[in-house]
Each structure stands twice: as C-alpha cells, then as structure tokens.
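Please read the following report alongside the sequence and the coordinates. It moves from the chain as a whole to selected residues.

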Amino acid sequence: MRKRFYKIFTSFCALNFAFLITTAQTGAWIQKANFAGGPRGYGVAAVVNGKAYCGLGYDGTNVKNDWWEYDPIGDNWTQKTSCPGNCLYSATAFTIGNKIYVGTGDNSGFVSQKEFWQYNPANDTWIRKTDFPDTARYGASGFSTNGKGYITCGWDKNNAWRKDLWEYDTLNNSWTQKIKLSGSARNLPYGISSGNSGYLAFGQDSLNGHDTELWQYFPQTNTWVQKNNLPAVGRNAPSGFFINGKLYAGLGQDAGAINHNDFWGFDTLTNSWQQVASYPGGNTNVAISFQINGKGYVSGGFDNTGAFLNNMWMFDPNGLSVEEINNFDLVQLYPNPVSDKLTIKLSNQKHIVGISLYNIMGEEIKIVFEKKNLNTYETNVQLLLKGVYTVNIITDTETIMKKLIKN
C-alpha cells in the first residue's frame, strides 16, 4: 500500500503543482581573475572556441573601446585589438560561427549609434559590416540561433522605447525585419541564445515598469511565446546564460533604483523557475555575462553605491553551495547516486528529528524514512524518478540541505 500511495501522490504533485518554487538554493559561485580592463559596466561579451571576448562599456568617466580575451583554462586575460569604431556603451553582441558581431549603443558623447562590426578571433581583426538598419539606439539586446543574429528593443535617439526585431544574415551581410516582440517595448532586457531559439528576459518599459517577463523567439515560425514570469521583483539590465537546457538570469536594477544579487534558473522543459545560489559579487547592475563549457560567468557592473566593479565569478550549476561545503562531513548520504536503499547518517552527537525530500521543482515528495537509531535513517527510493533532489535533514539545532542524485 505504501508504494501505491507514493506513486499516486507524486503524480498528483506533477499535475497540480508544476510551478512551485523550491527555496533550496542550488549551484555554487567561484571567484575568478578580475577583468583586466578595469572596473566598468554596460560592456559586451561573447564566446568563440572556449574563450570569451569582452570589452567596450563605461567606467563612470569614459566610454571604452578596448577588447579582451579570457581563457578559462589559465584563468587569465589578454588584451586584443580595440574596436576601431566609436567607443560604445550599452551595445549588444552575439556569436555566429567563429566570429563575433558587435553593434548599436551610445558613443562617448552619449549619442546613439547604428554601426555594426565583425570581430575575428583567429586573426584579431575587425571588419565594418552593414549598419543596423533602423533607428540608432542603446540598451538593445541581441542573441543568435541557426546561423543568424538578432537585435531587438532598446531606447532610440528619439527617446522612444522599441520592440522591433531585426535578423542579420552573415552570408549576404544584410538585415531583415521580423515580427515585433509581443510584449511591451522595453530598454535593457537581456538576450540569451539557446540552440534553435532565443530568449529575452526582463527589461524596463516606457512607464518605468521593470518587467518580470520572459519571452522565447522561434525563428523557424517567426513567433514569440511568453513563458512564466520571474517569481521575483522586476528588473532591467540583468545578467544571464544558458547551460544544459536551463536559462539562468539574475542581478539587475528594480524600479526603485536598487540593484539585486539574486539568481534564478529557468527549466525550459517544465516552464518553471527555481532560485539558485545568490551572486556573491554583491548587488550588481549592467554586468557582462557569458557561458563556457557548462559554466556561467559574470563580471563588472556597478553596485548600489554607484561604484563600478571588475570582479568576476563563475557559476557551476552542479557545484556545492557554501552551506553544503560547510556541512559536507556532518551528514552522510550513501550511496549517492542511489538506486534503491538510501542511508542518512549524522556523523556527530546531534540527533535527526525530521527529514524531507524535494524534487528540482520544489515539490515535497512524501516518502517514509525508517529510524534505525538516533542519528541514522533508511528509506527505499527505488520508485523515485531519476533526477536531482534536495534532502532537508532537521537536527535538534539546525537544518542541513544535501543534494541527492537518483539513478
């Protein structure tokens, strides 16, 4: 009877609580080498062949045009040839093939531009391409998919908020207008490339509303589809990346001009958000971000005091949080990964007073843990679906979270 109850309960959860959010924060941040170009925000970043290329932006005094290469293997920065056009801030960039494309943004006179450039990392050269065809703007966002690049939204030189979408074709160096964003016009959203589609996250609209919206664009059908909103405060100028089927986004500034350090993971299969480990670099706005080999990176921006930053942190979605590391030897889960019988044991004199199990969507899984003694429990998880779970172990003094993998 117990096994049958368990199967019915989990099916009920899956049908009725698909959008619950777990409070267990997963993943871990690791500090990396500071951006060598110095403190700044409003820059751009893109990745080619396992290396990131970052630059442009604004440091509080000067608009920049320098360009830097980051090698994650050596955790070091190398300066490359500066962009030969205007110094630009709040521009946009994306990768197509082995080349990077950079354009739009404001120059050092805070005048919006339409210029568009191609950077080739193989020979460290820049080539001017066909300018962005619509009104010059800053705060636009870009992404690439299926060999095409896309630029959308922003705030133009006529002080108008935009929601148009333009597709760039590298083969004939030309632009084609596509369907407008279905949501409101906005400035400083964040574009994220993801396989056969692109995502547009958050931003600030013309009424100073700071959006929680997430939109997905499908170039095959030229359509936008709205996804579930971020279950947190709306914001502009967030940071983000796409890793192994999940979109990660966070940071940014809300309507009260307060920066944030929370970070969230969006599961594209379940259309649900889960809060992950907060960014340890502080409450940050207009930082650059990118992903390399399954890890996300965030660098720069400015904090709530207005100070520009050059720190950089790497996010590992599968990493241990600080709490998990501190309690690594305190609680033992074995075997882990597990197929059937799971044992939970405290390694000191504390006593287990309760245990709860949650799936990656934050749903509590009702399963019986059999008490063997004051600090050891066992259960059979054979019927548990494969995946990653969080086990909360409540002791007589604290609650400890552990990550469990079911094979």
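## Basis and overall architecture

This is a predicted model, in which local features need pLDDT of at least 70 and side-chain atom pairs count only at pLDDT 80 or more, while totals for chains, interfaces and linings use all residues. Residues are numbered from 1 along each chain as its sequence is written, and side-chain values use heavy atoms, with hydrogens and water left out.

The protein chain has two helices and 36 strands, taken as DSSP runs numbered from the N terminus (helices are H or I with at least four residues, strands E with at least two). Of its 407 residues, 55% are buried, where buried means under 20% relative accessible area, exposed over 50% and partly exposed in between, with a 1.4 Å probe and protein chains only. Among contacts (heavy atoms within 4.5 Å) between residues at least 6 apart in sequence, 53% join residues at least 24 apart.

## Aromatic pairs

The structure holds 45 aromatic pairs, a pair being two rings of Phe, Tyr or Trp (its six-membered ring) with centres within 6.5 Å, counted as stacked when the planes are under 30 degrees apart, edge-to-face when over 60 and tilted for the rest. The rings of Phe241 and Phe263 are stacked, because their centres are 5.6 Å apart and their planes lie at 20 degrees. This pair links distant parts of the chain, with Phe241 in strand β22 (residues 239–243) and Phe263, 22 residues apart from it, in strand β24 (residues 263–267).

Phe241 is buried at a relative accessible area of 2%, and Phe263 is buried at 0%. Phe241 also has its C-alpha 9.5 Å from that of Tyr190, although the two are 51 residues apart in sequence. Elsewhere, one aromatic cluster is formed by Tyr42, Tyr58, Tyr89, Phe110, Tyr138, Trp155, Trp161, Phe302 and Phe308.

## Glu167 and its surroundings

Leaving aside neighbours within four places in sequence, the residues in contact with Glu167 include Lys148, Lys178 and Trp175.

## Cavities

How many cavities of 30 Å³ or more does a search of the whole structure find? There are three, a cavity being a set of points on a 1 Å grid over the protein atoms alone where a 1.4 Å probe fits but cannot get out, with lining residues having an atom within 4 Å of a point. Grid points are joined across faces, edges and corners, and a volume is the space filled by probe spheres set on the points.

The largest cavity holds about 80 Å³. Of the 16 residues that line it, the closest to its centre are Phe35, Arg40, Ile288, Ser299 and Gly300.

## Backbone features

Most residues other than glycine have a negative phi, and most peptide bonds are trans. The bond from Tyr334 to Pro335 is cis, with omega near -10 degrees, and another cis bond joins Asn336 and Pro337, with omega about 10 degrees.

Phe202 has a positive phi near 65 degrees and is buried at 0% relative accessible area, in the loop between β18 (197–201) and β19 (204–205). Asn244 has a positive phi near 50 degrees but is exposed, at 71% relative accessibility, in the loop between β22 and β23 (246–250).

Note on methods: 1 Å grid on protein atoms, 1.4 Å probe; cavity = no way out; pocket = protein on both sides within 12 Å on 5 of 7 lines; lining within 4 Å.
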